[in-house]
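Colleague: I'd like to learn how to read a few features of a model with you. Could we go through them one at a time?

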Amino acid sequence: MPALQNIKNVIVGLTEEGQQGETSDAIGYGLSLSVAAGAHLTVQAASRRIVMNSALAGGFASGLVFEENGRTAGLSQAVAEKVRGDAASAGIACTVDSPQLTHPDILATFAAKARLHDITILDAEERTIDLDRELIEASLFNSGRPVIVVPAGHNAFAGRRIVIAWDGGAHAARAVNDALPFLLAADAVEIISVVGEKELSRSVAGAELAPHLARHGIAVTVDDLPLRPDGDVAETLRDAASRYRADMMVMGAYRHGPIRQWLFGGLTQSLMTACPIPLFLAH
């Protein structure tokens, strides 16, 4: 695979909430991506600070909160120090931070940091109501930078074969443009459009995108797929990615209207919940 170009700053974010058995494949993925690209790696391993109203909290409760905050802060600091050591062993420059912040400050601080990086790497989260899922949303919609969402079991970067979920819309176009460093480095790229579905229409067919990518020197093919009988677009894309033996899927990120803007659109939500490979998203 050719060397990645124009990826110079990679940021990984994770939150430590003190739960047992928490692991992060995003760290390994971000570390190996930084090695492949010769990029600087930044990791924010934030712990969630519990805040209690002092007027309502008694001494015993305050003591428990203080103890728990200390425990989670220690866990995030341990993660940060391990990342620092792993990066040094891999020979890459690395900046680590382990702040203890409230729930909203974790989201705001990380989104602000992500604006200063080329790509953000985050762990996938199956639960739709979760701080880690909110971190993905904040990064996508508030940083202006693309995000790679890493499912469990993908702790090392791979990008030889990439599929593009193409609907001809503006978000998909932005995702393709932002993903160009990865597309250029890939051995093969497949443009997938699902025919007969409103979110993946044929308004700008994949065959029209292919010449644009080919002029960049990308080895690209096009596949227009029929919608499954059950109407599940996400499953159609997952099946296609599996058949193509893809390492990554590129797609535009959508979300619902102003009443519930914190929710992703239906297709994005479904793939976020269960995608067999890392998902490159841009909005």
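**Reading the model**

Modeller: Gladly, and let's begin with a helix. Helix α3 (residues 103-114) has 12 residues and spans 17 Å from its first C-alpha to its last, close to the 16 Å expected at 1.5 Å a residue; the expected span is 1.5 Å times one less than the number of residues. Helices (H or I, at least four residues) and strands (E, at least two) are DSSP runs, numbered from the N terminus. This is a predicted model, in which local features need pLDDT of at least 70 and side-chain atom pairs count only at pLDDT 80 or more, while totals for chains, interfaces and linings use all residues. Residues are numbered from 1 along each chain as its sequence is written, and side-chain values use heavy atoms, with hydrogens and water left out.

Colleague: Which residues of α3 are buried?

Modeller: They are His103, Ile106, Leu107, Phe110, Ala111 and Ala114. They sit on the same side of α3, because they cover an arc of only 115° around the axis, taken from the directions from the helix axis to the C-beta atoms. Buried means under 20% relative accessible area, exposed over 50%, and partly exposed in between (1.4 Å probe, protein chains only). These buried residues pack against β1 (9-16), β2 (40-48), β4 (100-101), β5 (119-123) and α4 (131-142), where contact means heavy atoms within 4.5 Å.

Colleague: And how do I read a strand, say β11 (residues 279-282)?

Modeller: In a regular strand the side chains alternate between the two faces of the sheet. In β11, Leu279 and Leu281 point one way, Phe280 and Ala282 point the other way, and all are buried.

Colleague: In which sense does β6 (residues 147-150) pair with β11, parallel or antiparallel?

Modeller: Antiparallel, over three bridges; two strands pair if DSSP finds at least two bridges between them. Here Val149 has Leu279 of β11 as its bridge partner. Strand β10 (residues 248-252) pairs with β11 in the parallel sense over four bridges, and Gly252 has Ala282 as its bridge partner.

Colleague: What should I make of backbone angles?

Modeller: Most residues other than glycine have a negative phi, and most peptide bonds are trans. Asn6, in the segment before β1, has a positive phi of about 65° although it is not a glycine. Asn6 is exposed, with a relative accessible area of 58%.

Colleague: Where does Arg245 lie?

Modeller: Arg245 is in the loop between α8 (233-243) and β10. Arg245 has a positive phi of about 55°, again without being a glycine, and is exposed, with a relative accessible area of 56%.
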